[in-house]
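Me: Could you walk me through this structure? I am new to it and would like to begin with its overall layout.

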Amino acid sequence: MPDNKAPRPPESSSTGHDVAVLGGGSFGTAMAKVLGENGHTVHFWMRDAVQADEIRDSGINSRYMPDVLLTGDIQPTTSLPEAVGKAEIVFVAIPSKAFRSVIRENSSEFRDGQIVVSLTKGIEEHGFKLMSEILLEEIPRCRIGVLSGPNLAGEIVNQDLTATVIAAKDPEVRRSVQELLGCEYLRVYANVDVYGVELAGALKNIYAIVAGLASARDLGENAKAMLITRGLAEMSRFAVSLGANPMTFMGLAGVGDLIVTCTSPKSRNYRVGYAVGKGQGLDDAVAELGQVAEGIYTLKLVKEKSETIGIYMPLVRGLYEILYDGASISAVINSLMMSVQNSDVEFILPRTLSQ
């Protein structure tokens, strides 16, 4: 029997709502658990009927969360129209590769003004589209938000203290998600920079792979700190060139998410990097992981995009050479250390002196 902490009551005293979670992976399961324990009815959609039956009968998603018991009113289903049709708010935790096709196939099921929040940290291959942009294109009549931050699913289900960010232009979307998810162990902050928050969540996966490589090669703590902070400079430089707010990267969705995913073996992307650093092939590392490591796909897209728009991203280039061109890890590290020593900080705010 899974050893879980007893469910805690939500902070909010509001009555429960009908919500949908689309996607039965690790993070979808974690969000379903939070929402169920907070007193909401969760219509939990997944493709696999066996998986849905197992959760319905035992409260356990053995493929992704074998030691976690899901409590509360969680209703697994393989009918996406049923899940969306009953929900006031929809959370989408579908991998980026299938994101558009699932939403497009079921676009008529979403209602005018329905709140739809993406939980997916990835980028679509064609057109370099983020998940919120896909939602706006496929279901423009809905109100869109994104959730991102230093949110390892394994810690959320254990009710470890966690903070996340809901980004949306519509203040009602931000408020609604804060009320739905907020509880003793999960704090939900708000942001209006949807593009920056979402892009930060996708980009940090690349640097988690780099950090895993560094740990596997025993490069030392100084090197890890260098790679994380240069990764922050690199990802923020790239994102700002595409219209993101540089200050977003100083928050939970930026540096917060980067720290946790670059330092924790619980991070899927970190584990892939670590396995490659220990000499395993990329395909074997991914197969052993058994889950989607978004950073592998994101790396290709960001390398191509950065070269197209002329943004200097040496860590992206170096990782690409290791994973896809068969370059020696040592040779790439040496190349990075011999590159131009430029400014430490990407963005300098004007200093104001009080009179």
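Reply: Across the interface of domain 1 and domain 2 the rule finds 2 salt bridges, a salt bridge being a side-chain nitrogen of Lys or Arg within 4 Å of a carboxyl oxygen of Asp or Glu. This is a predicted model, in which local features need pLDDT of at least 70 and side-chain atom pairs count only at pLDDT 80 or more, while totals for chains, interfaces and linings use all residues. Residues are numbered from 1 along each chain as its sequence is written, and side-chain values use heavy atoms, with hydrogens and water left out.

Me: Where are domain 1 and domain 2 in the chain?

Reply: Domain 1 covers 18–192 and domain 2 covers 201–338; the bounds come from an automatic or database domain assignment. Their centres, taken over C-alpha atoms, are separated by 26 Å.

Me: How many residues of domain 1 are in contact with domain 2?

Reply: 24 residues of domain 1 are in contact with 24 residues of domain 2, where contact means heavy atoms within 4.5 Å. The area buried between the domains is about 1,800 Å², and carbon and sulfur atoms give 69% of this area. Buried area here is the accessible area (1.4 Å probe) that two parts lose on being put together, summed over both. K121, F128 and L152 supply 33% of what domain 1 buries against domain 2, more than any other three residues.

Me: Changing topic, how many salt bridges are found in the whole structure?

Reply: The search of the whole structure finds 18. One of the pairs is R100 with E137, whose closest N and O atoms are 2.9 Å apart. R100 lies in helix α4 and E137 in helix α5 (residues 131–138), so the pair ties together parts that are 37 residues apart in sequence. Helices are DSSP runs (H or I, at least four residues) and strands likewise (E, at least two), numbered from the N terminus.

Me: Is R100 buried or exposed?

Reply: R100 counts as buried, at 13% relative accessibility, whereas E137 is partly exposed with a relative accessible area of 40%. Buried means under 20% relative accessible area, exposed over 50%, and partly exposed in between (1.4 Å probe, protein chains only).

Me: Which residue meets E221 in a salt bridge?

Reply: The side chain of E221 meets that of K224, at 3.3 Å from N to O. The two residues are 3 residues apart in helix α9, so about one helical turn separates them. E221 is exposed, at 58%, and K224 is partly exposed, at 26%.
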